[in-house]
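User: Please go through the helix and strand assignments of this model with me. I want the criterion behind each label.

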Amino acid sequence: MTTSPTTGPADGPTTDPATGRATDRLAEPLTRALGTRSANPLAKLGLRTVGDLLRHYPRRYGDPGTLTDLAGLALGEHVTIVAQVRSATVRRMRNRPGAILEAIVTDGPQQLSLTFFAKSPNALRYHEQRLSPGRLGLFTGVVGFYRGTRQLTHPDYRIIGMDDDAEDAESAVLEASRPIPIYPASASIPSWKIQPAVRTVLDPLREEDVPDPVPGTVREQHGFGTRLEALRDVHEPYDEAQWQRGRDRLRYEEAFVLQAALAQRRARAAAEPATARPPRAPGEPGILADFDAALPFTLTRGQREVGEEVAADLARSRPMQRLLQGEVGSGKTVVALRAMLQVVDAGGQAALLAPTEVLAAQHARTLRALLGPLAEDGFLGGAEHGTRVALLTGSLGATARKEALLDAASGAAGIVVGTHALLSENVQFADLGLVVVDEQHRFGVEQRDALRAKARTSPHLLVMTATPIPRTVAMTVFGDLETSSLTEVPAGRSGITTHVVPAGNAAWTDRTWARVREEVDAGHRAYVVCARIHPDEPGDGASRAGAAGADDFDDVPDFLLEDAADGASDAPAPLRAVLEVAEELRAHPRLAGVSVGALHGQMPPADKDAVMAAFASGEVQVLVSTTVVEVGVDVPEATVMVVHDADRFGISQLHQLRGRVGRGSAPGLCLLVSTAQPGTPAATRVETLARTTDGFELATVDLELRSEGDVLGAAQSGRASSLRLLRVVKDADVIATARADAAAVVAEDPDLTDHPALDRAIHEQLDPEREEFLERA
């Protein structure tokens, strides 16, 4: 074995002595390592190579002396539990041929039914003998419900001590006393069939077979073992301390690999040349000075501080890479506009990229209103140090589009606002100096690069998000960006009060529309948000019965399936729809004489603009809409929002929606109509919204309620998250330590030439889809 002072054991592939060719044990297909019969069920879990299987870490560990708390089992969930058999009885079915075995397992206070079916009682005697009262076992299946009792139908199981593959009695006792790795599993392969597969591929491995992305010096600094040692700790532990040691090592590794990738990204960005756009000297005339002088309000302390950070970044000859996050209504647009005006003063242009045409048009109107005469350069009444704000969207008419293209190409428009239309080949800029991206997660890396390519040198980048991001998430997902936060709300805003309205409660519902009417009669406006457009659209309220798949119930009598489905589905009511609710409100006695409009994404752009303009002017007093109003739409007269099916939305989306009201001097009111049952995650979401308007607290609760995979792009890429053990909310210290370590390694070796295992881990664990997510997260 060869070693180096920085990487420890050789981190390249080993050599096959028979052929002399390099081998890669971790890339070996499981079909070759285990055989097709064993590998095929694992492939259904996305495990196709030895490396995939070794990174399929146990979800938890069972202790043969500690039973699973059965009270926490959720209907429809695929579970693996440790329980004790209380009884097992075989009987013939009463109303049809065949036999049934019902076993009762318990954790002490709670019990669970196991049900098996067969054509005759004799066919069930095998299970009856194995499921003797008092025996401990692992049982896996989908939790169902039948006649008031939770059950597993045809579960797979392993009796502890009886089914352990040990060569002698002493080994059997030892195996039975060890922690039991319980893996994420499926109906096609239970946890205890994954464990021997892991051992089959893990036991023959040597240190040189397992490249270690954590350099030896870093491991020594923290007292970590090698990657192979950590894998053995988590997959084959003899006690709790061992698997915890392995988890700590692998958790750090995940943080270190991710932070190394972000450190490389920061280094590459810092190395790119950019045109410096310094502010004009104090007292020197310019469009930014004129804008500041004309502002009808005073900037908040946070706006001034962030503005100074941005101004300093723009004055440098390397591209600014900054994330501007802030509460809804905290004044991010003014900060971004002042940055754009600094670039215009320095002879450049700024592009503001928005995710939708509605939001792009809203931004253009807002910027023109804020600038006033400063946005009318070349027109009668235009200011001396003015510019123009051009709008480029796909729905523009030919004449308007031609004029906007000319203004952008000539430089007459210092600010160009648009959607994806800005990325078209025929859109040219005279001197693009700054790109501002609103709601960055709506854009991919290729789209941002296409806009950057329109500049002579790399333009400065300012990313705005109204979704507050906890520190650890910012450190993890936006680790290549400098972060600025606005936490103050400008003076003059009265805040928002939020209440949860129980759906189906007639008194509460009537009061909801009475409050809407009161706000309208006071000269204000109201949003009503629905999750879908048409009432006949397929919603997500369909029955969840049989979620484990029909194949799991081949041997179960039809009558039992029907009963189980009725008991287990607990299907939520169909989602309310925009067109349906708009018609109801037009006929509602509480809203007689009130103008009700509808807005949704399937409308032609011109119609959407017309509806929004009518709502802004007061011609439409109640707007029933999908979440197209979630970001950016600014109607100060809107004071009340009703969100139907609020329990079906995420926390951040509800917070965004709520931020559309209370933007003027009158207080805002948000009414969340919910069917969520107390104690459920859905109820926790809406109750948290009602309790606080602190976006950072809400973001933290949101992360605690949902999986880490969602944070790092699993939902977007359709693949498992690259992070298996690291939790960005709970592991702040691990992330901070790994960030400092990775930055030091990358500073010494930017291309990771001396750290090939780390370079390989970055490319394997952060494939192009995940790297794109890091850019658009």
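Predicted model: local features only at pLDDT ≥ 70, side-chain atom pairs only at ≥ 80, totals over all residues.

Analyst: Residues are numbered from 1 along each chain as its sequence is written, and side-chain values use heavy atoms, with hydrogens and water left out.

User: Why are α22 and α23 called roughly antiparallel?

Analyst: Helix α22 (residues 681–691) and helix α23 (residues 695–705) pack at about 175 degrees, with axes 11 Å apart. Axes are lines fitted to C-alpha atoms, for helices over the stretch in contact, and angles run from 0 to 180 degrees between N-to-C directions. Angles over 145 degrees count as roughly antiparallel, and α22 and α23 are therefore given that label.

User: Which residues of α22 meet α23?

Analyst: Contact means heavy atoms within 4.5 Å. Pro681, Thr684, Arg685, Thr688, Leu689 and Arg691 of α22 meet Glu697, Leu698, Val701 and Leu705 of α23.

User: What makes β15 and β19 edge strands?

Analyst: Two strands pair if DSSP finds at least two bridges between them. The open sheet of 7 strands has the order β15-β16-β14-β17-β18-β13-β19, with parallel pairing. Both β15 (388–392) and β19 (482–486) pair on one side only.

User: How do you know that β17 pairs with β18?

Analyst: Strand β17 (residues 432–438) is joined to strand β18 (residues 460–465) by 5 bridges, and the two run parallel. With at least two bridges required, β17 and β18 count as a pair. Val437 has Val463 in β18 as its bridge partner.

Technical notes. Helix = DSSP H or I, 4+ residues; strand = E, 2+ residues; numbered from the N terminus. Parallel < 35°, antiparallel > 145°, perpendicular 65-115°, else oblique.
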